[in-house]
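Keep the view open as you read.

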Amino acid sequence: MTMDHTSTPLDLGALQLLLDRFATLEIACVGDLMLDRYVYGEVSRISPEAPIPVLRARRTVAMPGGVGNVARNVAALGGAARLGGVAGADAAGAELALLVSADDRIRDFIHRPERASTIVKTRYVSGGQQLMRLDEEDPVVGAFERDDVFSNVGAILLSDYAKGVVTERMIRSALWQSQNSGVPVIVDPKGRDFARYGAVDVIKPNASELAGATGLPVETDEDIEAALAALLQTTTAKAIVVTRAGKGMSLMRRGDTAARHFPGRAREVFDVSGAGDTGLAALGLALGAGASLEQAVQLAILASGVVVGKSGTAVVTPAELIEAEMSQHAGAALAKVTALDDLAAEVEAWRRQGLKVGFTNGCFDILHRGHVAYLAQARSWCDRLVVALNTDASVRKLKGDGRPVNDLDSRAVVIGGLASVDRVTSFDDPTPLALVERLRPDVLIKGADYTREGVVGGDLVESWGGQVRLAEFADGYSTTRTIAKMTESAPPLASLGEAG
């Protein structure tokens, strides 16, 4: 199933649909691999031997770095990753293999030649600041030649740190697989010669890399646009996405007359380590899931914005993306929540403008893709859509004790965060009949599990020339089923303390 690229912005609903599809994807992550170590400690004095701080180490954390961090981010976002690279048959290589094996969503395609040594980057950190980075690195001996890493995947990600693994042969193999299966190839590049990557779907440099490859300034939007156009002339890539730190990202496709600029998300920056890896993983998963390049860029901005607020080479999870998206749009979502008197005046104003007003209602307790699809279909039948939510007391009467899971305020903000919804209100009565009488909608929408005769207020709406429409639900999705799954996977109540 493909996403509607032309009419589906990456709002909360589209984001949830996209994240849901990641679980079916396996992504090839191939490139330069390394072991990242972080030594955390405290600095309380200066060395008597030299004017340098003395770090008292408290803990050491190790994780796969380079393309390994791309794979970690793919796995954390809900996809499965095939990790291909070169590591040594040494202690660091053994440690790296153990870390990879600990994540059951990462498959190991790592080549370990006897004469190769593992690249290790050790960062020393105190008070949230890196004091120094120590690189242990020898020329990599042996090329990565496991072409099977590219077969039957949803997307191919090449992470080039200029350590010698992303060779012309590897690039040709990835492009051959792409041409035969139609999967996208996205490259995080290094160096100045971007033409070597061939006709990949996307090259994703940062601003300084774009400047180095073109010799052009990259300070303003106009500078970026000129540099992107110049780079497309010297490569055969289908599109370029440039990351611009706090300024967001810019995109230009081959044949475009102008670039598209996507602003960054305002977040506190704690550590930029690995943000590019997170963006690459998000782009690959989104494109593999059928998103448009514009949606993929928006997801990459969202994911990178979350990860820079963390310490070390970090990853981002779907729950964190949902929370970030909700926080970003909470103000706009809250603005849609409207008391009945104010809503009635707005509906009357819409009607005077010749706009068709739709109305639907429900509990909408735990938002799932069935709800999103239902509301999107409802919005397609009108110019403005009003959603009325049952109050908490009303939900309990309908669904029993323990419901709703989310209170009215939370449900209202989540529903208000959907682009398909224009206004949100609530009602405490057993049915929304009083709201229908007050608002006089042009279209009354209920689910296809109802019959026309069973729709409360249907006769009223038809009496003033309106319509009753029944929207389809996505098969297999319901709040009750979601709660059942959560209950099945939850630990025994005894381990949770008090029930409920």
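The paragraphs below go from a hairpin to a sheet and then to the rings. Please bear in mind that this is a predicted model.

Start at strand E6 (residues 120–126), which runs antiparallel to strand E7 (residues 129–136) and is joined to it by 7 bridges. Within this pairing, valine 125 stands opposite glutamine 130. The two strands make a hairpin with 2 residues between them, and glycine 127 in the turn has a positive phi of about 60°.

Now move on to an open sheet of 5 strands, paired in parallel in the order E16-E15-E14-E17-E18. Strands E16 (423–427) and E18 (467–471) are at the edges with a single partner strand each, so one side of each has no neighbour in the sheet. From one strand to the next, the twist averages 25°. Strand E14 (residues 357–362) pairs with strand E17 (residues 443–447) over 2 bridges, and here glycine 358 stands opposite valine 443. Helix H13 (residues 408–416) packs on the sheet, where it touches E15 (384–390) and E16, and its direction makes about 160° with that of E15.

Where do the aromatic rings pair up? The whole structure holds 3 aromatic pairs. One of them is stacked: tyrosine 38 and tyrosine 40, 6.0 Å centre to centre with 15° between the planes. Both tyrosine 38 and tyrosine 40 are buried. Phenylalanine 364 and tyrosine 374 form a tilted pair, at 6.4 Å and 40°. Phenylalanine 364 counts as buried because its relative accessibility is 8%, under the 20% cut-off.

Finally, look for charges over rings: the charged end of arginine 469 sits over tryptophan 381, 4.1 Å from the ring centre.

Terms used: Residues are numbered from 1 along each chain as its sequence is written. This is a predicted model: local features need pLDDT of at least 70, side-chain atom pairs count only at pLDDT 80 or more; totals for chains, interfaces and linings use all residues. Side-chain values use heavy atoms; hydrogens and water are left out. Two strands pair if DSSP finds at least two bridges between them. Helices (H or I, at least four residues) and strands (E, at least two) are DSSP runs, numbered from the N terminus. Axes are lines fitted to C-alpha atoms, for helices over the stretch in contact, and angles run from 0 to 180 degrees between N-to-C directions. Contact means heavy atoms within 4.5 Å. Rings of Phe, Tyr and Trp (its six-membered ring) pair if their centres lie within 6.5 Å; planes under 30 degrees apart count as stacked, over 60 as edge-to-face and the rest as tilted. Buried means under 20% relative accessible area, exposed over 50%, partly exposed in between (1.4 Å probe, protein chains only). A charge sits over a ring if NZ of Lys or CZ of Arg is within 6 Å of the ring centre and within 35 degrees of the ring normal.
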